[in-house]
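Dear colleague,

I am passing on the structure we spoke about, with the sequence alongside. Please look it over before reading my notes.

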Amino acid sequence: MKLEFPAIFILAATSLVACSEKTGAIDTRILSSMREQREIVAIHYSPAPFSATTPEVRNAASAATLFGAVGGAVAAAIQAREAEQAGSEVVRDYNLQDPMLTIMHGFLERVVSNSTSPDVRQLQEAIAREHIDDLKREFYHGYIFDFKTTAWSMKQSGPLSPNHYRAYYTGRVRLLHFPEGKTEWQGTCEAEGKIENSAPTLLQLVSNSAAILKTQLDGISEACIDQLEQQFTTKP
């Protein structure tokens, strides 16, 4: 696979004086250095736990809120734990897949061409632990894109719709340079499941092997690819 660095990205990079860590353009010197590499590696980590705030989860935490601020903190901890447990069951029962692998493929495809840019080797197995020292030992030289799902969940679509649900997602991508492990670029995405007329109920969301939930996650993947491409190329 070949990386393309679009012309609009080059022009934007030279025109920016300062940029944010999340969406700023990469220095053109980094681009030149990347082109000199034989290969760039793309990895992804195991995702954050999927969270499902079902009615049972809300009920498990509701009693603790009767005890003021301390009770509220306890309720939040209970709800978070129960939501992750319920989420793990949803992932298992409906065979949900972490969207980040699709996002990684799609993002890299958007910047692919038959130019003289380096090959991109995508590792298909998720790396269990995000630790810079581990990466330094494994990838001791060159550039690496690392992709991570930082949060994904199904929860109420809003405070006025406690019985209707949708998917939510956040992810992060970095360009790391070794041996230092320096972050040369970082992008983030945030998206929620698209709904047509009204948000589905919990039963509707997971019926038919969670077809609606999976469709929402597919839409989230596309939205994240768009966001990350925009950040990477600094398109207006």
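Predicted model: local features only at pLDDT ≥ 70, side-chain atom pairs only at ≥ 80, totals over all residues.

Confidence is highest in strand β5, at a mean of 95, and lowest in helix α1 (residues 7-15), where the mean is 38. Two stretches call for caution: over residues 5-23 the pLDDT stays under 50, although the model has 37 contacts for them beyond four places in sequence, and over residues 63-72 it likewise stays under 50, with seven such contacts in the model.

Most of what I can report concerns β5. This strand covers residues 165-178, and because 13 of its 14 residues are buried, it is largely enclosed by the rest of the structure.

On the pairing of β5, strand β4 (residues 142-156) runs antiparallel to it and is joined to it by 14 bridges; within that pairing, K155 has R166 of β5 as its bridge partner. Strand β6 (residues 182-192) also pairs with β5 in the antiparallel sense, over 10 bridges, and here V173 stands opposite G187 of β6. The hairpin formed by β5 and β6 has three residues between the strands, and in this hairpin G181 adopts a positive phi near 75 degrees.

When you go through the model, I would be glad to hear how you read the two stretches where pLDDT stays under 50, residues 5-23 and residues 63-72.

With best wishes

How values were computed:
Residues numbered from 1 in each chain as written. Heavy atoms only, no water. Buried < 20%, exposed > 50% of the residue type's maximum accessible area, 1.4 Å probe, protein only. Helix = DSSP H or I, 4+ residues; strand = E, 2+ residues; numbered from the N terminus. Pairing = 2+ DSSP bridges. pLDDT = per-residue confidence, 0-100. Contact = heavy atoms within 4.5 Å.
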